[in-house]
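Hi everyone, thanks for coming. Let's have a look at one protein model together, and please keep the picture in view while I talk.

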Amino acid sequence: MKRFILLIFIISISIYSQKKNYTEKEKIDLLLSKVENLNAKFFRNGQEYSPKEAVEHMKKKLDYAGDRVKTANDFIEGIASKSYFTGSPYLIILPDGKKIESGIWLKAELKKIESK
């Protein structure tokens, strides 16, 4: 019985410690989820938006881009970092008023996802 419990324990640790290899689509979906659940405002083209509105906008751009977005990095660079029309960066405005470019924030989040 002790061997059985030890075996189950070893298998559990092995499964838990394995790195999850997400597909690029899964990475994009995770990034969108992180944006939607962020306690912040998004600043785009001179106007503030809620996280939900930001995600809706990014999803529309993603749909429009089609096959041109193949990776999560493509998504960050081509969809979620700046305005297609003005080239102005999208900003995340945190509750303390600190502003960070969405591309920088998303790249940091992508690193976290890929390191898990």
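The areas themselves come from the Shrake-Rupley method with a 1.4 Å probe, and for residues only the protein chains shown count as cover.

Now, some ground rules. This is a predicted model, where local features need pLDDT of at least 70 and side-chain atom pairs count only at pLDDT 80 or more, while totals for chains, interfaces and linings use all residues. Residues are numbered from 1 along each chain as its sequence is written, and side-chain values use heavy atoms, with hydrogens and water left out.

OK, the overall layout. Helices (H or I, at least four residues) and strands (E, at least two) are DSSP runs, numbered from the N terminus. The protein chain has five helices and four strands, and starting at the N terminus you walk through them as α-α-β-β-α-α-β-β-α. Of its 116 residues, 30% are buried. The accessible surface is about 8,300 Å², with 57% of that belonging to carbon and sulfur atoms. A contact, by the way, means heavy atoms within 4.5 Å. Taking contacts between residues at least 6 apart in sequence, 50% join residues at least 24 apart.

Next up, charges. Side chains of opposite charge can pair when their charged atoms come close. What I call a salt bridge is a side-chain nitrogen of Lys or Arg within 4 Å of a carboxyl oxygen of Asp or Glu. How many salt bridges does that rule give? The count is six.

Start with aspartate 29 and lysine 25, whose side chains form a salt bridge at 2.9 Å, N to O. Both sit in helix H2 (residues 24-36), four residues apart, about one turn of the helix. Lysine 25 counts as exposed because its relative accessibility is 57%, whereas aspartate 29, at 37%, is partly exposed.

Then there's lysine 27, which has a salt bridge to glutamate 114, with 2.9 Å between the closest N and O atoms. This pair ties distant parts of the chain together: lysine 27 is in helix H2 and glutamate 114 in helix H5 (residues 102-115), 87 residues apart. Is lysine 27 buried or exposed? Its relative accessible area is 9%, so lysine 27 is buried.

Glutamate 109 is buried, because its relative accessible area is 8%; lysine 112, at 44%, is partly exposed. And there's a network too: salt bridges with shared partners join Glu24, Lys27 and Glu114.

You'll find glutamate 24 in helix H2, and at 26% relative accessibility it is partly exposed. Leaving out neighbours within four places in sequence, glutamate 24 is in contact with Lys70, Thr71 and Ala72. Its C-alpha atom is 8.8 Å from that of asparagine 73, which is 49 residues away along the chain.

On a 1 Å grid over the protein atoms alone, a cavity is a set of points where a 1.4 Å probe fits but cannot get out, a pocket is an open set with protein on both sides within 12 Å along at least five of seven lines, and lining residues have an atom within 4 Å of a point. Grid points are joined across faces, edges and corners, and a volume is the space filled by probe spheres set on the points.

Searching the whole structure turns up one cavity of 30 Å³ or more. The largest cavity holds about 60 Å³, and its lining residues include Phe42, Tyr49, His57 and Tyr90. Strand S1 (41-44) and helix H3 (51-65) each provide at least two lining residues there.

The largest pocket has about 350 Å³ of space. It is lined by 15 residues, and the closest to its centre are Lys61, Tyr64, Gly78, Ile79 and Tyr84. Which element gives the most to that lining? That's H3, with four residues.

Technical notes. Buried means under 20% relative accessible area, exposed over 50%, partly exposed in between (1.4 Å probe, protein chains only).
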